[in-house]
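The exercises below are meant to be worked with the sequence and the model side by side. Each task is followed by a solution that goes step by step.

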Amino acid sequence: MPEQISKETVVKVSRLARLSLSPDQAEKMTSQLAGMLEHFRDIDALDLSDVEPMTQPYPLKNVMRQDVEAKSLDRQEVLDQAPAAESGRFRVPPTIGFDV
Amino acid sequence: MQKLVEIVAGVTNGSFTASAVVEEHLGRIKARESEIHAFNLVTADQARETAAKIDDDVKAGKKVGALAGVPIALKDNMCTRGVETTCSSKILQGWKPPYDATVVTKLRQAGAVVVGKTNLDEFAMGSSTENSAFGPTKNPLDISRVPGGSSGGSAAAVSAGFAAASLGSDTGGSIRQPAALCGVVGVKPTYGTVSRYGLVAFASSLDQIGPFTSDVRDAATLLEVISGHDPMDSTSIPQSAPSLVSVLEHGVKGMRIGRVTDLPEGCEPDVLARLEAAFDALRKAGATIVDVKLPSLQYCLTAYYLIAPAEASSNLARYDGVRYGNRVEATDLNAMYAATREAGFGEEVKRRIMLGTYALSAGYYDAYYGKALKVRRLISDDFARAYKDVDTILTPTSPSTAFKFGSKTDNPLAMYLCDVFTIPTNLAGHPAMSVPFGVGADSMPVGIQVLATTMGEQAMFKVAAELERAS
(Lines give C-alpha, C1' and ligand atoms only; values in the text may rest on other atoms or scores of the structure.)
Protein backbone atom coordinates (compact mmCIF):
# COMPACT_ATOMS: atom_id res chain seq x y z
CA MET A 1 0.00 0.00 0.00
CA PRO A 2 1.17 3.61 -0.65
CA GLU A 3 3.10 5.81 1.77
CA GLN A 4 1.28 7.61 4.55
CA ILE A 5 -1.01 10.32 3.19
CA SER A 6 0.52 13.82 3.24
CA LYS A 7 -1.13 17.17 3.76
CA GLU A 8 -0.22 18.08 0.18
CA THR A 9 -2.10 15.05 -1.11
CA VAL A 10 -5.10 15.95 1.05
CA VAL A 11 -5.14 19.46 -0.38
CA LYS A 12 -4.90 18.05 -3.91
CA VAL A 13 -7.72 15.58 -3.26
CA SER A 14 -9.87 18.35 -1.77
CA ARG A 15 -9.50 20.26 -5.04
CA LEU A 16 -10.52 17.18 -7.01
CA ALA A 17 -13.55 16.81 -4.72
CA ARG A 18 -14.43 20.52 -5.07
CA LEU A 19 -14.16 21.09 -1.35
CA SER A 20 -12.29 24.13 -0.11
CA LEU A 21 -10.66 23.09 3.14
CA SER A 22 -9.07 25.66 5.41
CA PRO A 23 -5.45 24.93 6.50
CA ASP A 24 -6.75 23.80 9.91
CA GLN A 25 -9.34 21.51 8.33
CA ALA A 26 -6.72 20.07 5.98
CA GLU A 27 -4.47 19.35 8.96
CA LYS A 28 -7.23 17.55 10.85
CA MET A 29 -8.39 15.68 7.75
CA THR A 30 -4.83 14.49 7.09
CA SER A 31 -4.50 12.91 10.50
CA GLN A 32 -7.98 11.36 10.41
CA LEU A 33 -7.51 9.92 6.92
CA ALA A 34 -4.06 8.62 7.89
CA GLY A 35 -5.63 6.81 10.87
CA MET A 36 -8.27 5.18 8.71
CA LEU A 37 -5.87 4.21 5.95
CA GLU A 38 -3.61 2.66 8.57
CA HIS A 39 -6.54 0.50 9.72
CA PHE A 40 -7.27 -0.44 6.10
CA ARG A 41 -3.79 -1.97 5.73
CA ASP A 42 -5.25 -5.22 7.05
CA ILE A 43 -6.08 -6.25 3.48
CA ASP A 44 -2.47 -5.74 2.33
CA ALA A 45 -1.51 -9.25 3.32
CA LEU A 46 -4.20 -10.89 1.18
CA ASP A 47 -3.27 -12.47 -2.12
CA LEU A 48 -5.98 -11.15 -4.41
CA SER A 49 -4.31 -11.77 -7.76
CA ASP A 50 -6.86 -14.37 -8.92
CA VAL A 51 -9.93 -12.72 -7.42
CA GLU A 52 -12.51 -11.14 -9.71
CA PRO A 53 -13.59 -7.67 -8.47
CA MET A 54 -17.26 -7.50 -7.39
CA THR A 55 -18.96 -4.25 -8.39
CA GLN A 56 -22.61 -5.27 -8.12
CA PRO A 57 -24.36 -7.72 -5.82
CA TYR A 58 -26.91 -8.90 -8.38
CA PRO A 59 -25.66 -9.42 -11.93
CA LEU A 60 -27.95 -7.63 -14.38
CA LYS A 61 -26.76 -6.60 -17.84
CA ASN A 62 -27.96 -4.10 -20.41
CA VAL A 63 -31.07 -3.03 -18.58
CA MET A 64 -33.08 -1.10 -21.16
CA ARG A 65 -36.54 0.32 -21.17
CA GLN A 66 -38.93 0.17 -24.12
CA ASP A 67 -38.21 2.93 -26.62
CA VAL A 68 -41.53 4.67 -26.12
CA GLU A 69 -42.39 8.17 -25.07
CA ALA A 70 -43.02 8.54 -21.35
CA LYS A 71 -43.95 11.42 -19.14
CA SER A 72 -40.96 13.34 -17.78
CA LEU A 73 -40.60 15.84 -14.95
CA ASP A 74 -42.35 19.18 -15.30
CA ARG A 75 -39.68 21.67 -16.39
CA GLN A 76 -41.02 24.60 -14.42
CA GLU A 77 -41.38 22.50 -11.27
CA VAL A 78 -37.73 21.46 -11.58
CA LEU A 79 -36.47 24.98 -12.29
CA ASP A 80 -38.46 26.38 -9.38
CA GLN A 81 -36.17 24.36 -7.08
CA ALA A 82 -32.91 25.52 -8.69
CA PRO A 83 -30.78 28.18 -6.95
CA ALA A 84 -30.95 30.30 -10.14
CA ALA A 85 -32.83 29.89 -13.41
CA GLU A 86 -33.40 32.02 -16.49
CA SER A 87 -35.32 31.51 -19.73
CA GLY A 88 -36.13 27.90 -18.98
CA ARG A 89 -32.55 27.01 -18.04
CA PHE A 90 -30.28 26.73 -15.01
CA ARG A 91 -28.19 29.85 -14.53
CA VAL A 92 -24.55 29.50 -13.43
CA PRO A 93 -21.65 31.92 -12.86
CA PRO A 94 -19.08 32.44 -15.68
CA THR A 95 -17.31 29.21 -16.63
CA ILE A 96 -14.42 30.62 -18.68
CA GLY A 97 -11.98 33.45 -18.31
CA PHE A 98 -11.00 32.49 -14.76
CA ASP A 99 -8.24 30.34 -13.36
CA VAL A 100 -9.62 26.83 -13.08
CA MET B 1 -49.98 0.80 20.80
CA GLN B 2 -51.77 -0.68 17.83
CA LYS B 3 -49.99 -2.90 15.35
CA LEU B 4 -50.06 -2.04 11.66
CA VAL B 5 -52.20 -5.10 10.83
CA GLU B 6 -54.73 -4.19 13.56
CA ILE B 7 -55.06 -0.66 12.16
CA VAL B 8 -55.65 -1.95 8.62
CA ALA B 9 -58.25 -4.44 9.87
CA GLY B 10 -60.09 -1.88 12.03
CA VAL B 11 -60.11 0.89 9.41
CA THR B 12 -61.17 -1.49 6.64
CA ASN B 13 -64.06 -3.04 8.57
CA GLY B 14 -65.15 0.31 9.97
CA SER B 15 -64.62 -0.41 13.70
CA PHE B 16 -62.65 2.83 13.91
CA THR B 17 -61.61 5.57 11.50
CA ALA B 18 -58.28 6.38 9.89
CA SER B 19 -58.78 9.92 11.17
CA ALA B 20 -58.95 8.70 14.77
CA VAL B 21 -55.81 6.64 14.27
CA VAL B 22 -53.94 9.61 12.81
CA GLU B 23 -55.07 11.90 15.65
CA GLU B 24 -53.85 9.39 18.20
CA HIS B 25 -50.40 9.32 16.60
CA LEU B 26 -50.26 13.10 16.10
CA GLY B 27 -51.17 13.41 19.78
CA ARG B 28 -48.19 11.31 20.80
CA ILE B 29 -45.98 13.36 18.46
CA LYS B 30 -47.22 16.55 20.08
CA ALA B 31 -46.55 15.17 23.56
CA ARG B 32 -43.00 13.88 23.03
CA GLU B 33 -41.48 15.06 19.75
CA SER B 34 -39.84 18.12 21.30
CA GLU B 35 -37.65 15.87 23.46
CA ILE B 36 -37.11 13.07 20.89
CA HIS B 37 -36.65 14.97 17.59
CA ALA B 38 -37.53 11.98 15.42
CA PHE B 39 -38.78 14.23 12.61
CA ASN B 40 -37.36 16.89 10.34
CA LEU B 41 -40.93 17.63 9.27
CA VAL B 42 -44.35 16.53 10.54
CA THR B 43 -46.94 16.63 7.75
CA ALA B 44 -49.98 16.80 10.03
CA ASP B 45 -52.35 18.59 7.63
CA GLN B 46 -51.64 16.25 4.74
CA ALA B 47 -51.95 13.25 7.05
CA ARG B 48 -55.39 14.43 8.20
CA GLU B 49 -56.51 14.97 4.59
CA THR B 50 -55.33 11.51 3.52
CA ALA B 51 -57.01 9.86 6.49
CA ALA B 52 -60.31 11.67 5.82
CA LYS B 53 -60.21 10.50 2.20
CA ILE B 54 -59.73 6.88 3.32
CA ASP B 55 -62.62 7.21 5.77
CA ASP B 56 -64.82 8.53 2.95
CA ASP B 57 -63.84 5.55 0.79
CA VAL B 58 -64.66 3.09 3.58
CA LYS B 59 -68.03 4.77 4.18
CA ALA B 60 -68.80 4.70 0.45
CA GLY B 61 -68.04 0.98 0.39
CA LYS B 62 -65.03 1.43 -1.92
CA LYS B 63 -62.12 -1.00 -1.76
CA VAL B 64 -59.21 0.36 0.29
CA GLY B 65 -55.54 -0.64 0.12
CA ALA B 66 -53.42 -3.11 2.09
CA LEU B 67 -52.15 -0.32 4.38
CA ALA B 68 -55.39 1.63 4.75
CA GLY B 69 -55.06 4.20 7.49
CA VAL B 70 -51.58 3.20 8.66
CA PRO B 71 -49.54 6.20 9.89
CA ILE B 72 -46.09 5.87 8.34
CA ALA B 73 -42.94 7.96 8.72
CA LEU B 74 -40.38 8.27 5.91
CA LYS B 75 -36.68 8.73 6.30
CA ASP B 76 -35.92 12.19 4.98
CA ASN B 77 -33.81 10.86 2.09
CA MET B 78 -36.86 9.62 0.19
CA CYS B 79 -38.31 12.05 -2.32
CA THR B 80 -41.81 13.34 -1.67
CA ARG B 81 -43.24 15.58 -4.38
CA GLY B 82 -43.66 19.14 -3.15
CA VAL B 83 -42.66 18.19 0.40
CA GLU B 84 -39.25 19.22 1.73
CA THR B 85 -36.62 16.46 1.50
CA THR B 86 -33.33 17.39 3.15
CA CYS B 87 -31.23 14.28 3.90
CA SER B 88 -30.58 16.20 7.16
CA SER B 89 -28.10 18.32 5.20
CA LYS B 90 -27.86 22.08 4.90
CA ILE B 91 -27.08 21.68 1.22
CA LEU B 92 -30.61 20.37 0.52
CA GLN B 93 -32.49 22.37 3.15
CA GLY B 94 -35.68 23.71 1.60
CA TRP B 95 -35.59 21.46 -1.45
CA LYS B 96 -38.98 20.20 -2.61
CA PRO B 97 -38.58 17.27 -5.00
CA PRO B 98 -40.52 17.37 -8.28
CA TYR B 99 -41.44 13.67 -7.96
CA ASP B 100 -42.29 10.90 -5.50
CA ALA B 101 -39.96 7.97 -4.83
CA THR B 102 -41.46 4.66 -6.01
CA VAL B 103 -41.87 3.50 -2.40
CA VAL B 104 -43.84 6.66 -1.62
CA THR B 105 -46.13 6.06 -4.60
CA LYS B 106 -46.67 2.46 -3.49
CA LEU B 107 -47.46 3.53 0.08
CA ARG B 108 -49.96 6.14 -1.10
CA GLN B 109 -51.64 3.65 -3.42
CA ALA B 110 -51.93 1.18 -0.52
CA GLY B 111 -53.68 3.81 1.62
CA ALA B 112 -50.85 4.56 4.04
CA VAL B 113 -50.88 7.95 5.76
CA VAL B 114 -47.50 9.70 5.70
CA VAL B 115 -47.07 11.57 8.99
CA GLY B 116 -43.65 13.06 8.37
CA LYS B 117 -40.03 12.91 7.29
CA THR B 118 -37.58 11.52 9.82
CA ASN B 119 -34.16 12.66 10.93
CA LEU B 120 -30.97 10.86 9.87
CA ASP B 121 -27.24 11.20 9.90
CA GLU B 122 -26.47 13.61 7.07
CA PHE B 123 -26.84 11.73 3.75
CA ALA B 124 -27.21 8.52 5.81
CA MET B 125 -23.57 8.61 6.90
CA GLY B 126 -23.36 7.64 10.53
CA SER B 127 -24.52 5.28 13.25
CA SER B 128 -26.09 7.61 15.82
CA THR B 129 -27.88 10.55 14.07
CA GLU B 130 -25.26 12.78 15.68
CA ASN B 131 -24.19 13.77 12.15
CA SER B 132 -27.57 15.36 11.32
CA ALA B 133 -27.21 19.05 10.42
CA PHE B 134 -30.43 19.63 12.38
CA GLY B 135 -29.42 18.03 15.67
CA PRO B 136 -29.57 14.43 16.90
CA THR B 137 -32.59 12.21 17.55
CA LYS B 138 -32.88 10.84 21.11
CA ASN B 139 -33.55 7.21 21.90
CA PRO B 140 -37.17 7.12 23.17
CA LEU B 141 -36.25 4.40 25.70
CA ASP B 142 -33.54 6.56 27.32
CA ILE B 143 -33.02 10.05 26.00
CA SER B 144 -29.40 10.19 27.18
CA ARG B 145 -28.63 7.55 24.56
CA VAL B 146 -28.44 7.55 20.75
CA PRO B 147 -31.17 5.84 18.71
CA GLY B 148 -28.53 4.45 16.35
CA GLY B 149 -28.26 5.47 12.75
CA SER B 150 -28.36 6.46 10.15
CA SER B 151 -32.15 5.86 10.13
CA GLY B 152 -32.37 6.86 13.81
CA GLY B 153 -35.43 9.07 13.34
CA SER B 154 -37.38 6.27 11.64
CA ALA B 155 -36.49 3.80 14.41
CA ALA B 156 -37.36 6.31 17.14
CA ALA B 157 -40.66 7.21 15.46
CA VAL B 158 -41.85 3.59 15.69
CA SER B 159 -40.38 3.03 19.16
CA ALA B 160 -42.14 6.16 20.50
CA GLY B 161 -45.45 5.34 18.83
CA PHE B 162 -45.30 8.38 16.53
CA ALA B 163 -46.00 6.09 13.58
CA ALA B 164 -47.15 2.48 13.29
CA ALA B 165 -44.32 1.85 10.85
CA SER B 166 -41.59 3.70 9.02
CA LEU B 167 -39.18 3.30 6.15
CA GLY B 168 -35.43 3.61 6.37
CA SER B 169 -32.50 2.95 4.08
CA ASP B 170 -29.63 0.59 4.84
CA THR B 171 -26.19 0.93 3.24
CA GLY B 172 -24.10 -0.71 5.96
CA GLY B 173 -26.62 -1.31 8.75
CA SER B 174 -28.62 1.91 8.81
CA ILE B 175 -31.94 0.11 9.31
CA ARG B 176 -30.88 -2.86 11.43
CA GLN B 177 -28.59 -1.10 13.93
CA PRO B 178 -31.10 1.63 14.94
CA ALA B 179 -33.86 -1.01 15.06
CA ALA B 180 -31.74 -2.97 17.54
CA LEU B 181 -30.93 0.09 19.63
CA CYS B 182 -34.57 1.24 19.79
CA GLY B 183 -36.11 -2.19 20.37
CA VAL B 184 -38.04 -2.51 17.11
CA VAL B 185 -37.94 -4.77 14.05
CA GLY B 186 -35.88 -3.55 11.07
CA VAL B 187 -35.43 -5.26 7.71
CA LYS B 188 -32.83 -4.78 5.00
CA PRO B 189 -34.19 -6.75 2.02
CA THR B 190 -32.19 -8.39 -0.78
CA TYR B 191 -30.52 -5.74 -2.93
CA GLY B 192 -32.88 -5.00 -5.81
CA THR B 193 -36.07 -6.09 -4.03
CA VAL B 194 -37.30 -2.58 -3.22
CA SER B 195 -36.94 0.16 -5.82
CA ARG B 196 -34.33 2.83 -5.10
CA TYR B 197 -35.97 5.30 -7.51
CA GLY B 198 -36.33 8.51 -5.52
CA LEU B 199 -34.05 7.39 -2.70
CA VAL B 200 -31.26 9.95 -2.51
CA ALA B 201 -28.18 7.87 -3.35
CA PHE B 202 -25.36 7.30 -0.86
CA ALA B 203 -23.58 4.16 -2.18
CA SER B 204 -25.60 2.80 -5.07
CA SER B 205 -24.35 -0.81 -5.01
CA LEU B 206 -25.16 -1.11 -1.28
CA ASP B 207 -28.26 1.07 -0.60
CA GLN B 208 -31.59 -0.64 0.00
CA ILE B 209 -34.89 0.60 1.46
CA GLY B 210 -36.69 -1.41 4.15
CA PRO B 211 -39.28 -1.23 6.93
CA PHE B 212 -39.26 -0.53 10.67
CA THR B 213 -42.19 -1.95 12.63
CA SER B 214 -43.02 -3.03 16.15
CA ASP B 215 -43.29 -6.71 15.22
CA VAL B 216 -42.33 -9.26 12.59
CA ARG B 217 -45.82 -9.65 11.05
CA ASP B 218 -46.07 -5.90 10.46
CA ALA B 219 -42.63 -5.93 8.83
CA ALA B 220 -43.64 -8.77 6.49
CA THR B 221 -46.89 -6.98 5.59
CA LEU B 222 -45.18 -3.68 4.82
CA LEU B 223 -42.30 -5.28 2.93
CA GLU B 224 -44.74 -7.13 0.67
CA VAL B 225 -46.30 -3.78 -0.28
CA ILE B 226 -43.07 -1.93 -1.09
CA SER B 227 -41.29 -4.80 -2.90
CA GLY B 228 -41.42 -5.58 -6.58
CA HIS B 229 -39.77 -4.83 -9.88
CA ASP B 230 -39.58 -1.17 -10.93
CA PRO B 231 -38.47 -0.19 -14.44
CA MET B 232 -37.35 3.17 -12.99
CA ASP B 233 -34.54 1.42 -11.07
CA SER B 234 -32.18 -0.42 -13.40
CA THR B 235 -30.86 -2.52 -10.49
CA SER B 236 -34.34 -3.71 -9.56
CA ILE B 237 -34.62 -7.52 -9.70
CA PRO B 238 -36.99 -8.41 -12.55
CA GLN B 239 -39.11 -10.92 -10.66
CA SER B 240 -41.85 -10.71 -8.07
CA ALA B 241 -40.91 -10.76 -4.40
CA PRO B 242 -41.87 -13.83 -2.35
CA SER B 243 -44.87 -13.98 -0.05
CA LEU B 244 -43.75 -13.40 3.54
CA VAL B 245 -46.81 -13.20 5.80
CA SER B 246 -47.78 -16.71 4.71
CA VAL B 247 -44.63 -18.29 6.20
CA LEU B 248 -44.68 -16.67 9.64
CA GLU B 249 -46.38 -19.59 11.39
CA HIS B 250 -44.27 -22.25 9.70
CA GLY B 251 -41.83 -22.62 12.58
CA VAL B 252 -38.18 -23.59 12.25
CA LYS B 253 -38.38 -27.37 12.64
CA GLY B 254 -35.67 -28.92 10.49
CA MET B 255 -34.09 -25.60 9.57
CA ARG B 256 -30.32 -25.22 9.77
CA ILE B 257 -29.14 -22.08 11.57
CA GLY B 258 -25.53 -20.94 11.18
CA ARG B 259 -23.37 -19.94 14.12
CA VAL B 260 -20.30 -17.99 12.96
CA THR B 261 -17.27 -19.43 14.74
CA ASP B 262 -14.91 -16.67 13.64
CA LEU B 263 -17.13 -13.68 14.43
CA PRO B 264 -15.16 -10.39 14.56
CA GLU B 265 -14.17 -9.47 18.12
CA GLY B 266 -15.38 -6.49 20.11
CA CYS B 267 -18.92 -7.56 20.98
CA GLU B 268 -20.14 -6.89 24.52
CA PRO B 269 -20.63 -10.04 26.65
CA ASP B 270 -24.27 -9.24 27.51
CA VAL B 271 -25.08 -9.03 23.79
CA LEU B 272 -23.29 -12.34 23.13
CA ALA B 273 -25.31 -13.90 25.97
CA ARG B 274 -28.52 -12.95 24.18
CA LEU B 275 -27.18 -14.48 20.96
CA GLU B 276 -26.63 -17.76 22.83
CA ALA B 277 -30.16 -17.54 24.22
CA ALA B 278 -31.44 -17.07 20.67
CA PHE B 279 -29.63 -20.22 19.51
CA ASP B 280 -31.13 -22.11 22.48
CA ALA B 281 -34.63 -20.92 21.61
CA LEU B 282 -34.30 -22.02 17.99
CA ARG B 283 -32.83 -25.37 19.00
CA LYS B 284 -35.79 -25.93 21.32
CA ALA B 285 -38.13 -25.10 18.44
CA GLY B 286 -36.59 -27.86 16.35
CA ALA B 287 -33.82 -26.15 14.40
CA THR B 288 -30.28 -27.46 14.09
CA ILE B 289 -27.42 -25.13 14.92
CA VAL B 290 -24.50 -25.54 12.50
CA ASP B 291 -21.04 -23.98 12.87
CA VAL B 292 -19.96 -21.93 9.85
CA LYS B 293 -16.75 -20.09 9.07
CA LEU B 294 -16.65 -16.70 7.37
CA PRO B 295 -12.91 -15.96 7.42
CA SER B 296 -13.12 -12.84 5.23
CA LEU B 297 -15.58 -11.17 7.59
CA GLN B 298 -12.66 -9.58 9.43
CA TYR B 299 -11.92 -7.50 6.31
CA CYS B 300 -15.46 -6.27 5.77
CA LEU B 301 -14.95 -2.93 7.52
CA THR B 302 -11.99 -2.10 5.27
CA ALA B 303 -13.81 -3.15 2.10
CA TYR B 304 -16.92 -1.21 3.10
CA TYR B 305 -15.16 1.98 4.17
CA LEU B 306 -13.35 2.09 0.83
CA ILE B 307 -16.28 1.11 -1.42
CA ALA B 308 -19.06 3.13 0.24
CA PRO B 309 -17.10 6.43 0.36
CA ALA B 310 -15.88 5.87 -3.20
CA GLU B 311 -19.45 5.52 -4.45
CA ALA B 312 -20.56 8.39 -2.21
CA SER B 313 -17.88 10.74 -3.54
CA SER B 314 -19.26 10.13 -7.00
CA ASN B 315 -22.94 10.34 -6.01
CA LEU B 316 -22.48 13.50 -3.97
CA ALA B 317 -20.71 15.30 -6.83
CA ARG B 318 -24.22 16.30 -7.97
CA TYR B 319 -24.55 18.76 -5.07
CA ASP B 320 -22.91 21.63 -6.89
CA GLY B 321 -25.35 24.48 -6.35
CA VAL B 322 -26.68 24.31 -9.91
CA ARG B 323 -29.82 22.19 -10.22
CA TYR B 324 -31.18 21.93 -6.69
CA GLY B 325 -30.35 22.72 -3.12
CA ASN B 326 -28.45 25.71 -1.90
CA ARG B 327 -25.74 27.78 -3.52
CA VAL B 328 -23.04 30.06 -2.17
CA GLU B 329 -22.45 32.69 -4.86
CA ALA B 330 -18.90 33.23 -6.16
CA THR B 331 -17.23 34.92 -9.11
CA ASP B 332 -16.74 31.81 -11.24
CA LEU B 333 -18.15 28.32 -11.53
CA ASN B 334 -15.39 26.39 -9.76
CA ALA B 335 -15.27 28.83 -6.87
CA MET B 336 -19.07 28.54 -6.58
CA TYR B 337 -18.87 24.73 -6.46
CA ALA B 338 -16.25 24.75 -3.73
CA ALA B 339 -17.91 27.46 -1.65
CA THR B 340 -21.31 25.75 -1.92
CA ARG B 341 -19.98 22.35 -0.92
CA GLU B 342 -17.82 23.76 1.87
CA ALA B 343 -20.82 25.51 3.42
CA GLY B 344 -23.38 22.80 2.66
CA PHE B 345 -21.75 19.56 3.80
CA GLY B 346 -21.03 18.55 7.39
CA GLU B 347 -17.77 17.15 8.68
CA GLU B 348 -18.51 13.42 8.29
CA VAL B 349 -19.81 13.85 4.75
CA LYS B 350 -16.68 15.78 3.79
CA ARG B 351 -14.52 13.12 5.40
CA ARG B 352 -16.17 10.37 3.35
CA ILE B 353 -16.04 12.39 0.12
CA MET B 354 -12.33 12.93 0.74
CA LEU B 355 -11.71 9.27 1.55
CA GLY B 356 -13.66 8.14 -1.52
CA THR B 357 -12.04 10.66 -3.86
CA TYR B 358 -8.62 9.58 -2.61
CA ALA B 359 -9.44 5.86 -2.99
CA LEU B 360 -10.53 6.47 -6.59
CA SER B 361 -7.78 8.89 -7.61
CA ALA B 362 -5.00 8.12 -10.08
CA GLY B 363 -2.18 6.21 -8.45
CA TYR B 364 -4.29 4.94 -5.55
CA TYR B 365 -7.22 3.25 -7.30
CA ASP B 366 -5.63 -0.19 -7.53
CA ALA B 367 -4.26 -0.09 -4.00
CA TYR B 368 -7.55 0.87 -2.38
CA TYR B 369 -10.79 0.75 -4.38
CA GLY B 370 -9.67 -2.05 -6.73
CA LYS B 371 -8.51 -4.16 -3.81
CA ALA B 372 -11.67 -3.49 -1.82
CA LEU B 373 -13.81 -4.79 -4.70
CA LYS B 374 -11.82 -8.02 -4.65
CA VAL B 375 -12.26 -8.37 -0.89
CA ARG B 376 -15.97 -7.87 -1.48
CA ARG B 377 -15.87 -10.93 -3.74
CA LEU B 378 -14.12 -12.95 -1.00
CA ILE B 379 -16.84 -12.04 1.49
CA SER B 380 -19.55 -12.97 -1.00
CA ASP B 381 -17.80 -16.31 -1.71
CA ASP B 382 -17.54 -17.04 2.03
CA PHE B 383 -21.31 -16.58 2.38
CA ALA B 384 -21.97 -18.75 -0.68
CA ARG B 385 -19.99 -21.58 0.91
CA ALA B 386 -21.75 -21.14 4.25
CA TYR B 387 -25.24 -21.16 2.72
CA LYS B 388 -24.59 -24.62 1.27
CA ASP B 389 -24.82 -25.88 4.86
CA VAL B 390 -27.32 -23.51 6.48
CA ASP B 391 -30.60 -21.73 5.73
CA THR B 392 -29.93 -18.65 7.82
CA ILE B 393 -27.14 -17.26 9.99
CA LEU B 394 -27.55 -15.57 13.37
CA THR B 395 -25.30 -12.80 14.71
CA PRO B 396 -25.77 -9.85 17.02
CA THR B 397 -27.08 -6.80 15.13
CA SER B 398 -24.84 -4.36 16.97
CA PRO B 399 -21.80 -5.03 19.19
CA SER B 400 -23.44 -3.08 22.05
CA THR B 401 -26.76 -1.69 23.19
CA ALA B 402 -27.54 2.02 22.64
CA PHE B 403 -24.56 4.14 23.69
CA LYS B 404 -24.48 7.59 25.26
CA PHE B 405 -24.35 10.77 23.17
CA GLY B 406 -20.84 11.98 22.44
CA SER B 407 -19.13 8.73 23.38
CA LYS B 408 -17.91 7.99 19.85
CA THR B 409 -18.05 11.34 18.06
CA ASP B 410 -14.32 12.12 18.38
CA ASN B 411 -13.23 8.85 16.85
CA PRO B 412 -14.65 8.05 13.40
CA LEU B 413 -13.23 4.51 13.49
CA ALA B 414 -14.95 3.68 16.79
CA MET B 415 -18.23 4.81 15.23
CA TYR B 416 -17.55 2.74 12.09
CA LEU B 417 -17.09 -0.37 14.27
CA CYS B 418 -20.81 -0.17 15.21
CA ASP B 419 -21.51 -1.63 11.77
CA VAL B 420 -19.16 -4.61 11.92
CA PHE B 421 -21.97 -7.20 11.97
CA THR B 422 -24.30 -5.45 9.54
CA ILE B 423 -21.88 -4.45 6.76
CA PRO B 424 -21.18 -7.95 5.35
CA THR B 425 -24.83 -8.30 4.28
CA ASN B 426 -24.71 -5.11 2.20
CA LEU B 427 -21.45 -6.12 0.55
CA ALA B 428 -23.00 -9.45 -0.45
CA GLY B 429 -26.37 -7.89 -1.40
CA HIS B 430 -28.22 -10.31 0.89
CA PRO B 431 -31.24 -9.73 3.14
CA ALA B 432 -30.92 -9.44 6.93
CA MET B 433 -33.19 -8.23 9.71
CA SER B 434 -32.93 -7.28 13.35
CA VAL B 435 -35.42 -8.66 15.87
CA PRO B 436 -35.58 -7.45 19.51
CA PHE B 437 -34.54 -10.30 21.79
CA GLY B 438 -34.38 -9.29 25.43
CA VAL B 439 -32.21 -6.64 27.04
CA GLY B 440 -28.55 -6.11 27.92
CA ALA B 441 -26.89 -5.38 31.24
CA ASP B 442 -28.14 -1.77 31.09
CA SER B 443 -31.76 -2.88 30.47
CA MET B 444 -31.59 -1.50 26.93
CA PRO B 445 -32.83 -3.71 24.08
CA VAL B 446 -30.59 -6.17 22.26
CA GLY B 447 -31.26 -6.99 18.60
CA ILE B 448 -30.50 -10.35 17.06
CA GLN B 449 -29.68 -10.30 13.37
CA VAL B 450 -31.04 -12.99 11.07
CA LEU B 451 -29.15 -13.24 7.77
CA ALA B 452 -30.09 -15.16 4.64
CA THR B 453 -28.88 -15.52 1.08
CA THR B 454 -30.15 -13.59 -1.97
CA MET B 455 -33.97 -13.80 -2.09
CA GLY B 456 -33.88 -15.83 1.13
CA GLU B 457 -36.47 -13.61 2.86
CA GLN B 458 -38.87 -16.48 3.57
CA ALA B 459 -36.30 -18.43 5.60
CA MET B 460 -35.25 -15.21 7.32
CA PHE B 461 -38.82 -14.32 8.32
CA LYS B 462 -39.54 -17.84 9.61
CA VAL B 463 -36.58 -17.58 11.98
CA ALA B 464 -37.40 -14.00 12.97
CA ALA B 465 -40.98 -14.98 13.79
CA GLU B 466 -39.75 -17.87 15.94
CA LEU B 467 -37.35 -15.60 17.83
CA GLU B 468 -40.20 -13.18 18.45
CA ARG B 469 -42.38 -15.96 19.85
CA ALA B 470 -39.51 -17.02 22.14
CA SER B 471 -38.61 -13.54 23.40
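**Exercise 1.** In this predicted model, find how α9(B) passes α12(B), and decide how the two helices are oriented.

*Solution.* Begin with the handedness: the crossing in which α9(B) passes α12(B) is left-handed. The contact is built from residues of both helices, including B:Leu306 and B:Ile307 of α9(B) together with B:Leu373 and B:Arg376 of α12(B). Next take the geometry, in which the two helices pack at an angle of about 125°, with their axes 9 Å apart. Because angles from 65 to 115 degrees count as roughly perpendicular and those over 145 as roughly antiparallel, α9(B) is therefore oblique to α12(B).

**Exercise 2.** Check whether the length of α12(B) agrees with its number of residues, and say what its buried residues pack against.

*Solution.* Helix α12 of chain B covers residues 366-386, and its 21 residues, at 1.5 Å a residue, should span 30 Å. The end C-alpha atoms are 29 Å apart, so the two values agree. Among the buried residues of this helix are B:Tyr368, B:Leu378 and B:Phe383, and the buried residues of α12(B) pack against α9, α11 and α14 of chain B.

**Exercise 3.** Describe the make-up of chain A, and compare its radius of gyration with that of a compact globule.

*Solution.* Chain A has 3 helices and 2 strands, which follow one another along the sequence as α-α-α-β-β. For 100 residues, a compact globule would have a radius of gyration near 13 Å, whereas chain A has 22 Å. Buried residues make up 17% of the chain A residues.

Definitions and conventions:
Residues numbered from 1 in each chain as written. Chains lettered and ligands numbered in written order. Predicted model: local features only at pLDDT ≥ 70, side-chain atom pairs only at ≥ 80, totals over all residues. Helix = DSSP H or I, 4+ residues; strand = E, 2+ residues; numbered from the N terminus. Rg over C-alpha atoms; globule rule 2.2 N^0.38 Å. Buried ≥ 20, exposed ≤ 12 C-beta atoms within 10 Å, placed from the backbone. Expected span 1.5 Å × (residues − 1). Contact = placed C-beta atoms within 7 Å. Axes fitted to C-alpha atoms, helices over the stretch in contact; angles between N-to-C directions. Parallel < 35°, antiparallel > 145°, perpendicular 65-115°, else oblique. Left-handed = near helix turned anticlockwise from the far one by under 90°.
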